[in-house]
Amino acid sequence: MLPRLEAMGVNRYILESRESFRDRGDVGLLQSLRAKGVCGGIDLVHIQGSDDARLWIPDQVLGAYGDLRSGVAKASLKSAWNRLSPSVNTVEIFP
């Protein structure tokens, strides 16, 4: 996903911090991609979810999208998604 985001002009990728070993794994992946020349200038930042409300909205949007894709979404969510989807750029990494 990081190479795709970088190709779209994203230069800072903010993730909600999880356990420290998972955060280190994220950083290690980025370092590996840089070493292979797959990623260049994108930065990775971890933030505690409770510290930044801006993380809450993408989390909810992704959850709604997952419910829609898995077929468990209720009609009200489908209606809300139809209004929201023009403002959301979805990119499938794995088909």
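A polar contact is a pair of N or O atoms within 3.5 Å; within protein, one must be able to donate a hydrogen and the other to accept it, and residues adjacent in sequence count only if both atoms are side-chain atoms. The side chain of Asp 23 makes such a contact with the side chain of Ser 17, at 2.4 Å. This is a predicted model, where local features need pLDDT of at least 70, side-chain atom pairs count only at pLDDT 80 or more, and totals for chains, interfaces and linings use all residues. Residues are numbered from 1 along each chain as its sequence is written, and side-chain values use heavy atoms, with hydrogens and water left out.

**Asp 23**
- Asp 23 lies in helix α2, residues 20-35. Helices (H or I, at least four residues) and strands (E, at least two) are DSSP runs, numbered from the N terminus.
- Asp 23 is buried, meaning under 20% relative accessible area, with exposed over 50% and partly exposed in between (1.4 Å probe, protein chains only).
- Lys and Arg count as positive, Asp and Glu as negative; His and the chain ends are not counted.
- Leaving aside residues up to four places away in sequence, Asp 23 touches Ser 17, Arg 18 and His 46. Contact means heavy atoms within 4.5 Å.

**Helix α2**
- The buried residues of α2 are Asp 23, Asp 26, Leu 30 and Leu 33. They fall within an arc of 85° seen down the axis of α2, so they line one face of the helix. The arc is that of the directions from the helix axis to the C-beta atoms.
- An α-helix has 3.6 residues a turn, so residues three or four places apart point the same way.
- Cover for the buried residues of α2 includes α1 (2-7), β1 (12-16) and β2 (43-47).
- Arg 24 and Ala 35, on the other side of α2, are exposed.
- Gly 37 follows α2 and has a positive phi, near 80°.

**Salt bridges**
- The count comes to 4 salt bridges.
- Glu 19 pairs with Arg 22 in a salt bridge, with the closest N and O atoms 2.7 Å apart. Glu 19 is partly exposed at 43%, and Arg 22 is partly exposed at 40%.
- Asp 52 and Arg 54 form a salt bridge at 2.6 Å, N to O. Asp 52 is buried at 12%, whereas Arg 54 is exposed at 63%.

Technical notes: A salt bridge is a side-chain nitrogen of Lys or Arg within 4 Å of a carboxyl oxygen of Asp or Glu.
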